Structures are given as structure tokens and as C-alpha cells.
Amino acid sequence: MQMDQVPALSPDGAGRPIDLDAARALLAPLSAQERLSWAQNTFGAGFALTTSFGIQSAVLLHMASELTANIGRPVTVIWVDTGYLPPETYQYAERLVEQLQLQLVVAQSAMSPARMEALHGRLWETDQGGDLALYHRIRKVEPLDRALTDLAVTCWASGVRGSQTDHRKAMEPLDAVRQRWSLRPLLSWSKRDVYYYMEEHKLPQHPLFEQGYSTVGDWHSSAPDLGDVSGRATRFGGLQQECGIHLPGLMGEGI
């Protein structure tokens, strides 16, 4: 069997192995909407989207709502709620769910924020990469992986773009991430593409966008752009650009 075929990892909806090279070649020239349609047709009920309800999340969520209308049944959207999101993100999520009629599944850690802090302290304050890795594993990676397993998801689409981090520059439209296929419909999109799409479809901006945020995650690890520091460089105190969700190691290994 060829190295690019991983049937044990994620077959298509009919149980057939995915030829990674062939799939990437097929996806490369497609639009974001066409990539979503390919995933829906290929994986069926095993396909879902993830969202952070961040600054640029409305684009992919709007595409999900259009895909839902086209296929006549809702596409599942998974939201990893860390329990530490800014109030504005929770408000924005409510607005988009109602406006776009999303079928939302909220993924949360089995460990409450209070319990985590009692056992491990405020992990984001230590300036230690290992503590941040533990934080991300508890609050983000494990909840998402559990939700994907519970929902029998074999392929999940996210709104990552290649220009956001060094790691994402090397991404392909389709990769294997922790035993599942990860689809990136917006991988080649620029900030301008995002802006014009939101303007064209009259999508609301995240409330923190007007306060200078170009990216937002948890309240304690996000900041507005300032001088030469912008985008993902404002996250996690500058220690990391990735939280582990989009990394291939099992349960966030290699964060």
C-alpha cells in the first residue's frame, strides 16, 4: 500500500481509503466552498466544522450555513469553549448562531476552570512552555478530540490560513491530524479576502475587532495589535503561535 493511503486513519463515507496525494491535487484549484462540498460529499455525516468564534470565524460559518441549505441538513459546527473566552466572544457566538442558524456542539473540558487552577495554578501566568502545553491540552485539545470521537467525525474543516503562523505556512489543504483528516478551505486566503467576503455577505465583525484585535482567543492570552506586534504574535504572551489543535501529535504532542 502507498504511504499516502491511510485507511486505518480515516476512510471516506463508504469505508474506502483516502489517497492523500490525489485528494490534494483535486482540492488545490477548488474554491473554499467547493472544498467544503468535496468534504461533505466524501465523508457525509463524518464531516464537521470547528470554530473559535474569533475575529475571522464568520466567513467559514457562513459557508457552513450555505452548505446546510444546499444539502438540506445541518452541518455540525464544534466550538471549543475553554471557559476563559472574553465576554465579547460569548456574545458574538450567540449572535452568529442565531443569524446563521448553526447546529452548534459545545466542547468543554471535563475539568472546570476552578478545579484546574486549584490543582495546577494559573498555567498561563508562569511563562513556562510546559505549563502552556498542559493548559492547551486540558482546555482545548482533549475536549476537541473527545467531541470528534463522540460525533464519529472523520474529517473536520477549520478556518486556518497559511499567513497566520509559521506552522500554517507549511500546511496543505488536507492533512492527517491526530487520526483524522483536517481540511483547510481558507488556507490561501488573505486578510483582504476575508474582509471583502464579510462585507459582501454583511457579516458582523467580532466586537473586539474595533478595539484593535486581529486575532482573539482566551482573555488572558490575547491582546490588540501594538506597533510591530500583530496577529498571532500577540497570543500566549509571545511564547507560542499554536495551541495544539492543529498539530499532528497525539493529544497535542509537540505543542
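A crossing of two helices is termed right-handed if the near helix is turned clockwise from the far one by less than a right angle. In the predicted model described here, helix α2 passes helix α3 in a crossing of this right-handed kind. Two packed helices are described by the angle between their axes and the distance between the axes. For α2 (residues 32-43) and α3 (residues 57-71), the axes come within 10 Å and cross at roughly 50°.

On the α2 side, the contact is made by Ala 32, Gln 33, Leu 36, Ser 37 and Gln 40. Helix α3 contributes Leu 60, Met 63, Leu 67 and Ile 71. Of the residues in this contact between α2 and α3, six are nonpolar and three are polar, whereas none is charged.

The strands of the model include an open sheet of six, arranged in the order β3-β2-β1-β4-β6-β5 with mixed pairing. Its edges are formed by β3 (103-107) and β5 (174-177), each of which pairs on one side only. From one strand to the next, the twist averages 35°.

Strands of a sheet pair through backbone hydrogen bonds, either parallel or antiparallel. The edge strand β3 pairs with β2 (residues 76-80) in the parallel sense, over five bridges. Within this pairing, Gln 103 of β3 is the bridge partner of Thr 76. At the other edge strand, β5, helix α1 (residues 20-27) lies across β5 and β6 (180-183) and runs at about 140° to β5.

Definitions and conventions
Residues are numbered from 1 along each chain as its sequence is written. This is a predicted model: local features need pLDDT of at least 70, side-chain atom pairs count only at pLDDT 80 or more; totals for chains, interfaces and linings use all residues. Side-chain values use heavy atoms; hydrogens and water are left out. Axes are lines fitted to C-alpha atoms, for helices over the stretch in contact, and angles run from 0 to 180 degrees between N-to-C directions. Helices (H or I, at least four residues) and strands (E, at least two) are DSSP runs, numbered from the N terminus. Contact means heavy atoms within 4.5 Å. Ala, Val, Leu, Ile, Met, Phe, Trp, Tyr, Cys and Pro count as nonpolar, Asp, Glu, Lys and Arg as charged, and the others, Gly among them, as polar. Two strands pair if DSSP finds at least two bridges between them.
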